[in-house]
Amino acid sequence: MKYLINILMVLSLLTQGCSQNDTHKTQKKMKLNAGIITQKLAETKAFYANNLGFGITFENEFYLLMHTPGQEAEISFLLPNHPSQQPLFHRPFQGQGMYLTIEVDDVDSVYETLKKKEVPIKIALRDEPWGDRHFAIEDPNGIGIDIVTYKNTNP
């Protein structure tokens, strides 16, 4: 009986270890970095740094990795047809079918700052019925950037 209890305890521990491991595997943190393939590395770098306060995480002659001011997120830019890259990453972005959303604490102040810098506003500052307060600009690659403050719509 003692051996049976020990075996059951060992099996229980092994099973718990497996299920905890499996749960841990599914709960790993995942980080997303959107990448845009573009010829306009210099223009893109200037746009994000000068207008949105992004910093440079890494840069070389064919790749640019930038981060948001608080370093919560990153975005990368890659020259097309670069010999160091596989063919999947050769074709340049065609300027359609993509947008970015940047959430900020005070969308009104960001709006005013960008207007003063004469960044073209593509969608004027507005409130939406679902609670967003936002406006939109466009980067040098034709990517729409929705800058938003989410309002709490719960009573």
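Me: Are Tyr48 and Phe54 buried or exposed?
Reply: Both are buried, meaning under 20% relative accessible area, with exposed over 50% and partly exposed in between (1.4 Å probe, protein chains only). Keep in mind that this is a predicted model: local features need pLDDT of at least 70, side-chain atom pairs count only at pLDDT 80 or more, and totals for chains, interfaces and linings use all residues. Residues are numbered from 1 along each chain as its sequence is written, and side-chain values use heavy atoms, leaving out hydrogens and water.

Me: OK, new topic. How many aromatic pairs are there in the whole structure?
Reply: Five. Rings of Phe, Tyr and Trp (its six-membered ring) pair if their centres lie within 6.5 Å; planes under 30 degrees apart count as stacked, over 60 as edge-to-face and the rest as tilted. Tyr111 and Phe135 have ring centres 4.9 Å apart and planes at 75 degrees, so that pair is edge-to-face.

Me: Where do Tyr111 and Phe135 sit?
Reply: Tyr111 is in helix α3 and Phe135 in strand β7, 24 residues apart, so the pair links distant parts of the chain. Helices (H or I, at least four residues) and strands (E, at least two) are DSSP runs, numbered from the N terminus. Tyr111 counts as buried at 11% relative accessibility, and Phe135 is buried at 0%.

Me: Which residues of α3 are buried?
Reply: Val107, Tyr111 and Leu114. They lie on the same side of α3, because they cover an arc of only 70 degrees around the axis, taken from the directions from the helix axis to the C-beta atoms.

Me: And which residues do ring pairs link into a cluster?
Reply: Phe47, Tyr48, Phe54 and Phe77.
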